Amino acid sequence: MDRSTSRRSTRNTTRAVTAGTALAAFLLSTAACGAWAVDPAQAAPEQPAAPAAAARQAGTTPRVTAGGLTPDQRRRADQLVSVFENSTTTIQYGYAENINDGRGVTAGRAGFTTNDGDALKVVRAYTAVAPDNPLARFIPELERLAAAGSGDTGGLPEADYIAAWQQAAQDPAFRQVQDDQVDQRYFTPAMDQADRLGLTTALARAELYDASIQHGNGGEYDALPALIGRTTAKVGAPSAAGERAWLDAFFDVRIDDLNNPANSSTAEEWRKSVDRVECLRRIAATGNYDLDGPFTITAYGSGYTIG
């Protein structure tokens, strides 16, 4: 099943009350992995990199990595997604919970679910590099759940699976597998779309990345390619409308889809998630299209610093 039919996007609102103690305990046990996450208990505060505008004034060009973003811009895009998904700028590799949305257990940095093969792909990839990992024994049941599209977790059983996921998240190899899955299935397809559109600003690319994670990249009405198509039909291509005008129209199209999704099973949750789009629109209103940091945001009523 494509992510556009399986994606929960309002975990942060449903678990805000319970996130505190359990999440804080896990954060202390989760080590940072490359540029993806910073453990505040272990890492010294990062010094802000020179803004892109300052680099241009100095006659230098910020280093661009895969996806048309500098490493700092990519990190900030990941932090934004993490805020929308888990109410923290620190990537939550060990998050695992049944949020009672009919999709079984939701786990990991991108909310990999047990009912649709999402988590199965992650666990299979992890088992390929670490055969004796604590999640390998769940593969047969994850295969059954994926084939049936079932949100039932009794056969795992749920508590054992959650504990195993949290244990596995302490392994850098498992965190790398999650990073790779996000890159392959969400970031790279979104950046391919951005390249075809000719989008150059970090904010526009971050918006497509976030939409890729929430809406998926399939052929459905609610998926990212369809959102792009409706936006371009409305205002023209970015080269004609101007990138900022096109992005503003994309915000409108995405919000309309969240309020009126074709997939009725996501409707209630998606309507609650509109503020993740409005948050990015608020960044646009400040003129920070380069995602120069640090900057502050408000999402779902809480404030965060994107570093």
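In this predicted model, 21 salt bridges are counted. One of them joins the side chains of Glu85 and Arg276, with an N to O distance of 2.9 Å. This pair links distant parts of the chain, since Glu85 belongs to helix 4 (residues 71-86) and Arg276 to helix 14 (residues 274-286), 191 residues apart. Glu85 and Arg276 are buried. Asp118 and Arg185 are both buried.

The salt bridge between Arg144 and Glu141 has its closest N and O atoms 2.6 Å apart. Both residues lie in helix 6 (residues 139-148), three residues apart, or about one turn of the helix. An α-helix has 3.6 residues a turn, so residues three or four places apart point the same way. Arg144 counts as partly exposed because its relative accessibility is 40%, whereas Glu141, at 14% relative accessible area, is buried. Salt bridges also link Arg74, Asp78, Arg109, Asp179 and Asp183 in a network.

The chain as a whole contains 14 helices and five strands. Of its 307 residues, 54% are buried. Contacts between residues at least 6 apart in sequence were also examined, and 66% of these join residues at least 24 apart.

When residues up to four places away in sequence are not counted, Leu135 touches Val123, Tyr126, Tyr161, Ala164, Trp165, Ala168 and Phe174.

Helix 9 (residues 202-215) has 14 residues, which at 1.5 Å a residue should span 20 Å; the end C-alpha atoms are 20 Å apart, in agreement with that expectation. The helix is mostly covered, with 14 of its 14 residues buried. Gly216 follows helix 9 and has a positive phi, near 85°.

Two further helical residues were considered individually. Thr127, in helix 5 (residues 118-129), has a relative accessible area of 17% and is therefore buried, the cut-off being 20%. The side chain of Thr127 makes a polar contact of 3.0 Å with that of Asn133. Beyond its neighbours within four places in sequence, Thr127 is in contact with Asn133, Ala136 and Ile139. Asn259 is found in helix 12 (residues 243-259) and, at 29% relative accessibility, is partly exposed. With neighbours within four places in sequence set aside, Asn259 contacts Arg271 and Val274. Asn259 and Val274 are 15 residues apart along the chain, and their C-alpha atoms are separated by 7.7 Å.

Most residues other than glycine have a negative phi, and most peptide bonds are trans. The bond from Leu156 to Pro157 is cis, with omega near -10°; Pro157 is located in the loop between helix 6 and helix 7 (158-168). Gly293 and Pro294 are likewise joined by a cis peptide bond, with omega about 0°. Pro294 lies in the loop between helix 14 and strand 4 (295-299).

Positive phi values occur at two residues that are not glycine, Ser87, at about 60°, and Tyr300, at about 55°. Ser87 is placed in the loop between helix 4 and strand 1 (96-98), and its relative accessible area of 27% makes it partly exposed. Tyr300 sits in the loop between strand 4 and strand 5 (302-306). At 23% relative accessibility, Tyr300 also counts as partly exposed.

Key:
Residues are numbered from 1 along each chain as its sequence is written. This is a predicted model: local features need pLDDT of at least 70, side-chain atom pairs count only at pLDDT 80 or more; totals for chains, interfaces and linings use all residues. Side-chain values use heavy atoms; hydrogens and water are left out. Helices (H or I, at least four residues) and strands (E, at least two) are DSSP runs, numbered from the N terminus. The expected span of a helix is 1.5 Å times one less than its number of residues. Buried means under 20% relative accessible area, exposed over 50%, partly exposed in between (1.4 Å probe, protein chains only). Contact means heavy atoms within 4.5 Å. A polar contact is a pair of N or O atoms within 3.5 Å; within protein, one must be able to donate a hydrogen and the other to accept it, and residues adjacent in sequence count only if both atoms are side-chain atoms. A salt bridge is a side-chain nitrogen of Lys or Arg within 4 Å of a carboxyl oxygen of Asp or Glu.
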